[in-house]
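Please look over these notes on two interfaces before the next discussion. They are set out as numbered points.

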Amino acid sequence: MEPEQIIKRASELRWKLPQDFHDRWVEMVYADSARIASRNMVQQGKVHRLTWERRLDSLLTNRWTGMPIMVLMLASVLWITIIGANVPSGILATVLLDHGHPMLQHLAELAHLPWWLSGVLVDGLYLTVAWVVSVMLPPMAIFFPLFTLLEDFGYLPRVAFNLDHLFYRVGAHGKQALTMSMGWGCNAAGVVATRVIDSPRERLIAIITNNFALCNGRWPTQILLATVFLGALVPPALAGIVSAAAVLGVALLGVMLTFFSSWILSTTVLKGEASTFTLELPPFRPPNLFRTLYTSIIDRTLIVLWRAIVFAAPAGVVLWSICNIQISGMSLAQWLVNLLDGPGWLIGLNGVILVAYIVAIPANEIVIPTVLMLTVMTTGMSGVGEQGAGVMFETSENSALAMLLQAGGWTTLTATCLMLFSLCHNPCSTTIYTIWKETKSLKWTLVSTFMPIGFGIVICGTVAFIWRVVAG
Amino acid sequence: MAMDEQTLIQHALKLFAECDYDQQDISTELMQDKLAITPEQILQLLQNLRTAELVEQDSFALTASGREYALHVLQAHRLYETYLARKTGHSESIWHQLADEREHELSKDDVKKLAEELGHPRFDPHGDPIPTASGEMPAKQGNPLVNFSAGWEGRVVHIEDEPSHLYTRISQAGITTDSVLRIEQANTKEIHIRLEGQTFIFPHAVAEQITVVALGNDDTFDESIERLSTLKPGEKAEIVGMSSLCRGLERSRLLDLGVVPGTVATVQLLNPSGSPIGYAIRGACIALRKEQAEHIRIRKVRQ
């Protein structure tokens with residue numbers, strides 16, 4: 001046969017193969033390799049699942065017991081984290097802030113450093129980093145190992161299995177339940193955790209919406225505001241319940257916003273991304289304590305903490321500088337506060353809060369200290385935070401705090417809007433950087449950064465408007 | 001819909017080539033209907049096509065250069081639909097529309113790259129043949145499902161994707177371009193078809209969209225084939241294969257997990273909400289959503 005004829009014949013025959021020939025062929029290759037493997041492989045150990053495993057599985061995924069167990073587990077992890085972190089956080093604060101800071105100030109004096117240099121280094125850089133470390137390290141060092149233990153034991157995949165139908169409705173993956181709860185510890189860690197989702201679209205959804213999980217840098221803000229402002233509205237006996245309910249309400253609003261924004265993303269900008277679903281439910285196994293501690297402390301806690309420090313240090317410098325650089329008799333910070341007072345009013349906040357949020361992009365932990373410092377500076381109050389401009393502080397006296405903030409023009413509306421804004425604003429720079437590292441996409445990094453701010457402005461603006469109309 | 005002149009010409013050429021393939025006569029009414037333009041615009045369009053020597057002066061037949069151009073557009077359209085099906089998550093109801101928009105922007109080089117990337121597919125997801133770079137295309141095969149009567153067994157080769165509301169009904173039933181089916185009952189209004197352990201009742205308008213061929217020599221309609229989604233706890237199934245509706249990333253992921261012909265599967269973990277369900281596959285428990293399980297064909301094994 002002539003070569004041309006062969007080619008012609010081949011291309012004729014090519015059309016005669018069944019349509020699904022290629023798929024079938026690949027399937028056969030897989031089936032053959034599976035057969036070869038099973039023929040030559042000896043499997044050791046148990047094949048059948050043990051009875052207790054079956055019992056536990058049906059207990060954890062049961063219609064009646066699945067949900068209560070899940071809520072109980074989550075609540076206890078959060079409770080252990082918050083209670084357990086108090087003591088080490090207090091110790092770190094005493095060492096780094098109460099003793100370390102004055103000591104460094106003293107050293108700077110002895111070394112005859114110029115006032116601005118000691119200000120930038122000690123009051124700006126050191127204080128901010130110390131603050132972030134003392135607030136952030138203990139909760140993370142408790143939360144992440146607990147979470148990893150549950151993961152290793154095999155419980156978390158069951159949670160994803162139970163909740164998948166909810167996430168499916170908004171076009172997301174059940175495993176997003178896990179990355180969301182991880183976000184309650186730290187959003188940057190939550191974003192890293194989305195690696196467990198192997199479908200591109202669902203993974204992006206989980207990354208972009210992770211910020212709506214209230215992270216441990218924001219829980220204290222919520223608790224403080226709820227206690228000082230909302231708890232004070234009711235008789236003392238009810239104060240605890242009301243403020244706890246308010247904080248829980250904000251966290252649940254975050255969950256609702258996660259679903260809502262997931263749905264919007266999956267039906268608009270992300271609808272073209274490839275999507276798939278698989279969820280492996282590994283057998284239960286006793287977690288390896290040592291390995292768990294190692295991976296969760298090294299891989300999760302320390303990496304996140306390091307990034308936070310890297311970003312917080314320059315923020316401290318900026319914060320101190322804007323408070324101490326004078327332009328026409330007013331500090332730069334004062335100028336900014338005046339400038340942002342108008343836009344802040346529209347969304348129920350004020351200039352001080354907006355400046356604090358801009359400066360505190362690196363770490364949510366320093367928002368409240370910055371707000372307090374700026375409030376003292378702008379109101380010129382005496383008696384609290386007298387360490388000077390640009391030096392953050394916090395007070396444990398709730399009444400003193402309320403007095404200070406009310407002098408700064410705060411009302412219940414301000415506190416409510418700040419609680420909402422604390423939930424819906426841009427992720428901290430550590431998280432933004434992590435999103436960039438994980439997606440390698442400028443577009444999705446920008447979407448993740450600005451979508452929550454959009455939500456925050458709309459929600460706070462609406463609340464403020466209705467509040468003012470109703471309250472007259 | 002406002003269309004620029006080049007787009008309109010390409011749409012017209014595509015229509016001419018499709019009619020040629022279907023051995024359907026072209027008329028100005030058909031053009032008006034398919035291209036959604038006024039009779040005046042049709043006259044102008046035909047004049048333009050003839051001036052450019054893409055269509056013969058005295059008939060609706062394509063010239064050699066017209067045919068080449070038309071096949072390029074057709075190739076671009078069908079390749080792009082294949083690309084959408086395999087590599088993106090867009091729902092199948094909008095593939096046609098997206099491909100209609102994108103086909104005009106693809107140059108010969110783009111099309112060549114796309115074909116290479118996809119491994120030179122021969123058919124698009126609806127079963128239409130994709131012309132090769134040299135303009136080769138096989139003769140049309142098969143007949144509409146409505147032409148056959150009760151008891152007939154055959155294989156689906158093509159599903160018309162326009163209009164999309166009829167197409168959606170077919171794809172929701174999980175019928176695809178490799179389904180083997182039997183006609184249970186056929187009357188003047190409806191046709192009852194049996195496949196994969198289920199019976200679907202379609203009005204003629206829907207059944208018209210499905211093109212079928214008779215079964216080949218080594219091909220049979222197997223009554224014992226069902227879908228994994230119908231497997232109940234305590235039952236055991238042997239996987240027969242995956243429907244071609246399970247494509248791209250999802251298909252390779254499932255193959256990786258061992259969802260291959262011959263694998264034995266059982267239900268291991270039920271979900272209170274009904275989906276996903278955990279299946280024991282090759283010693284692992286893998287949760288699959290209901291619509292994924294519908295795309296996996298099984299044969300139940302007696303205990």
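What is the area buried between domain 1 of chain B and domain 2 of chain B, and what percentage of it do carbon and sulfur atoms give?

1. About 720 Å² is buried there, and carbon and sulfur atoms give 44% of that area. Buried area is the accessible area (1.4 Å probe) that two parts lose on being put together, summed over both.

2. A word on the basis. This is a predicted model, in which local features need pLDDT of at least 70, side-chain atom pairs count only at pLDDT 80 or more, and totals for chains, interfaces and linings use all residues. Residues are numbered from 1 along each chain as its sequence is written, chains are lettered from A and ligands numbered from 1 in the order in which they are written, and side-chain values use heavy atoms, leaving out hydrogens and water.

3. Chain B is assigned domain 1 (1–139), domain 2 (143–214) and domain 3 (225–301). The bounds come from an automatic or database domain assignment. The centres of domain 1 of chain B and domain 2 of chain B, taken over C-alpha atoms, are 26 Å apart. Their contact (heavy atoms within 4.5 Å) takes 8 residues from domain 1 of chain B and 9 residues from domain 2 of chain B.

4. On the domain 1 side of chain B, B:E92, B:H96 and B:H126 lose the most area to domain 2 of chain B, together 63% of what that side buries. A salt bridge here is a side-chain nitrogen of Lys or Arg within 4 Å of a carboxyl oxygen of Asp or Glu.

5. Now the chain interface. Chain A and chain B bury about 4000 Å² between them, with 54% from carbon and sulfur atoms. Chain A brings 42 residues to the contact and chain B brings 54 residues.

6. Between chain A and chain B the count is 5 salt bridges. A:R24 forms a salt bridge with B:D178, where the closest N and O atoms are 3.2 Å apart. Several elements of chain A give two or more residues to this side, among them α1 (3–16), α2 (21–40) and β1 (279–280). The largest share, 8 residues, comes from α2(A). Helices (H or I, at least four residues) and strands (E, at least two) are DSSP runs, numbered from the N terminus.

7. β1(A) and β11 (residues 284–288) of chain B run antiparallel, joined by 2 bridges. Pairing requires that DSSP finds at least two bridges between two strands. A:L279 stands opposite B:A287 in β11(B).
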